[in-house]
Amino acid sequence: MNVLRPYDQCTWWLPRELAYPNLTRALYRRRMEQSQTDGRRLSSRFGFINGDVLSWALWDWATSAFSSVVVTFLFAAYLTNKDLFGASANTDLGWADAIAGIVVALIAPAVGEWTDKSGKRKTVIVLTSLIVGVSVLGMFWVTPHSGLLLGLVLLGVGNVALECGSVVYNAMVGDVSTEKTVGRVSGFGWGLGYVAGIVLLLVLYLSFISPQVGLFGVTSHNGMDVRISMVVTGAWILVFALPLMIKTHNAPPVARRNRGVAGAYREVFRAIRRFWRTDRSVVWFLLSSAIYRDGLAGVFSFGGVLAGVVFGFSAEQVMVFGIAANVVAGIATILFGRLDDRIGSAKVILISLVSLLIAGGAVFLFHDGGQAVFWVFGLLLCIFVGPAQSASRTYLIRIAPDNMEGELFGLYATTGRVISFLAPMMYSTAILLAAAAMGRTKDQVAYFGILGIMLVLLAGLLTFLPLLRASNSSQADGASTSTEDAARI
C-alpha cells in the first residue's frame with residue numbers, strides 16, 4: 001500500500017483521478033479493505049471505536065459548536081439585541097434563516113447525488129468544513145450598530161455549508177461501521193456532538209461572557225466578549241474537523257461522466273419516482289421522520305421557553321437546565337447506540353417516541369407542580385431526543401441502496417426543512433386556542449404549547465408504525481442482519 005502515500009501526503013486536496021491518474025477502482029477497493037481490516041483489529045481491542053470512527057465522530061464534536069454556540073446561545077442572541085442592532089434585527093434573522101432553509105432544501109439532494117456518483121466525499125467535507133469555520137471566524141467583524149447584514153450573511157452561509165456537509169457526513173456512517181456496530185457508531189457521534197456544544201459553551205461563558213473582565217482583558221464593550229468567542233468557536237470547528245478532512249478519501253467516480261448540477265437534479269427526481277414505484281418504505285420513512293424530527297427539534301427549541309414562562313426558571317436556571325439537558329441527551333444517545341445494534345433502529349425510534357409522549361404528557365398534567373416537575377420530566381424528555389435522532393440516521397443508512405446514501409440523506413435534509421414549520425405552528429396554535437377557549441392570557445396557558453409539540457410527535461409515530469409492522473413481520477429488524485432492508489410497505 002506504500003504506492004498510495006505520495007497521494008496522501010502531497011496531493012490530498014486534488015480530485016483522486018487527477019492526483020493519481022493510474023489509481024484503479026480495484027486498487028482503491030484494496031485500500032478500503034485494508035483500512036477496514038485495520039479497523040477491525042483496533043475494534044477487537046477497544047470495542048467499536050477505532051481511528052476511522054473517532055475521526056468521523058470528531059466532525060460532530062467540531063460542528064455542533066455552530067448549532068449550540070452560534071445559532072442557539074451566543075451569536076444569534078447577540079445579533080438580535082435591539083439595543084445593538086435595532087428593533088428589526090429579530091425579524092431580519094428570521095428571514096435570513098428562512099432563506100438559508102430554502103437554499104438547503106433546494107441543493108441538499110443534488111449535493112448528495114453528485115457526491116455519490118462523483119465519489120468526492122473528501123472534497124465536500126473539506127470545502128464545507130472550511131466554509132463553516134471561516135464563516136464563524138468572520139463573525140468577529142460583526143460590530144454593533146453596523147454589522148447586522150454581515151452577521152446575517154455569515155450565519156446563512158455557515159448554516160447552508162453545515163447542512164450540505166452533514167449530508168455527506170451522515171452518509172459516511174456506513175463507511176466507518178459494520179451492520180453490527182452502526183447503531184453504536186451513530187450514537188457515539190451524535191452523543192459527542194451534544195457534549196461538545198456544552199463543553200465549549202461553558203469554556204466561553206466562564207472565560208469571556210460571565211466575568212466583567214475576561215481572559216486577555218476582554219470585556220463586553222463593543223460586543224468584544226461575543227466576538228472573541230466566535231474566534232475561539234471558529235478555531236474549534238477547524239481544529240476538530242481536521243481529522244476527518246485528512247482521513248477521508250475521494251473514491252473513483254461511479255458514473256462515467258459528470259452530469260453536472262442539472263443532471264444531479266434530474267437523477268434525484270428519477271430516484272424519487274423509482275422509490276415510489278419499487279420501494280415506498282424509503283419515501284414513507286422520509287415523510288414520517290421529517291414529522292417526528294420536527295417534533296424533536298421543538299422539544300429543545302421551546303424547552304427553555306416553557307421552563308421560564310410556565311415553571312418560573314430564571315435566565316441562569318434556564319442555562320443550567322440547558323447544560324444538564326445536553327449532557328443527559330449526549331450520554332443517553334451513546335448508551336442507546338448499543339441498544340440500536342441489538343434490537344434495531346425501528347424499535348429504538350418507537351421506544352423513544354412513546355417515551356417522549358409519556359414524559360411530555362406528564363409535563364402538561366403536572367405543570368402546576370413547581371420546578372421539580374420540569375427538572376424530572378424535562379430531563380426525561382431529553383433522554384429520548386438524541387436516541388431518536390441517531391436511530392433515524394442508522395435506519396436510513398441500513399435501507400439505503402449502494403451508492404445512493406448521499407442522495408437519500410440529501411432528501412432526508414430536504415424533507416426535514418420542508419416540514420420545519422410544523423412544530424412552531426402547532427406550539428403557537430395550541431396556546432392560542434387554549435387562551436381563547438379558557439378566557440386567559442397566553443402566558444397563563446403557555447403550558448398548552450407542549451401539547452402542540454406532542455401532537456407533532458404523535459403524528460410522526462403513527463406514520464412510522466407501518467414501517468415497524470413490516471419490519472417485524474419480515475423479522476429483519478435485528479442488528480445482526482440487514483435490519484431495515486426488509487421493511488417494505
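Helix α10 spans residues 182–209 and holds 28 residues. From first to last C-alpha it reaches 39 Å, close to the 40 Å expected at 1.5 Å a residue; the expected span is 1.5 Å times one less than the number of residues. Helices here are DSSP runs (H or I, at least four residues), numbered from the N terminus. Helix α10 is mostly covered, with 20 of its 28 residues buried. Buried means under 20% relative accessible area, exposed over 50%, and partly exposed in between (1.4 Å probe, protein chains only).

The model is predicted: local features need pLDDT of at least 70, side-chain atom pairs count only at pLDDT 80 or more, and totals for chains, interfaces and linings use all residues. Residues are numbered from 1 along each chain as its sequence is written, and side-chain values use heavy atoms, with hydrogens and water left out.

Helices α4 (residues 51–73) and α11 (residues 224–247) pack against each other. Their axes come within 8 Å and cross at roughly 155°. Axes are lines fitted to C-alpha atoms, for helices over the stretch in contact, and angles run from 0 to 180 degrees between N-to-C directions. Helices α4 and α11 are therefore roughly antiparallel, a label for angles over 145 degrees. Their crossing is left-handed, that is, the near helix is turned anticlockwise from the far one by less than a right angle.

Contact means heavy atoms within 4.5 Å. On the α4 side the contact residues include Trp56, Trp59, Ala65, Val69 and Val70. On the α11 side they include Met230, Thr233, Trp236 and Phe240. By class, this contact has 16 nonpolar, three polar and two charged residues. Ala, Val, Leu, Ile, Met, Phe, Trp, Tyr, Cys and Pro count as nonpolar; Asp, Glu, Lys and Arg count as charged; the others, Gly among them, count as polar.

Thr233 lies in α11. Thr233 is buried, at a relative accessible area of 0%. Neighbours within four places in sequence aside, Thr233 contacts Ala65, Val69, Val70, Val136, Leu200 and Leu204.

Ser118 belongs to helix α7 (residues 89–118). Ser118 counts as buried, at 11% relative accessibility. Residues up to four places away in sequence are not counted; Ser118 then touches Ala251, Pro252 and Pro253. The C-alpha atoms of Ser118 and Pro252 are 7.1 Å apart, across 134 residues of sequence.

Phe421 sits in the loop between α17 (405–418) and α18 (422–438). Phe421 is partly exposed, with a relative accessible area of 47%. Its C-alpha is separated by 8.0 Å from that of Asp294, 127 residues apart along the chain.

Definitions and conventions. Helix = DSSP H or I, 4+ residues; strand = E, 2+ residues; numbered from the N terminus. Parallel < 35°, antiparallel > 145°, perpendicular 65-115°, else oblique.
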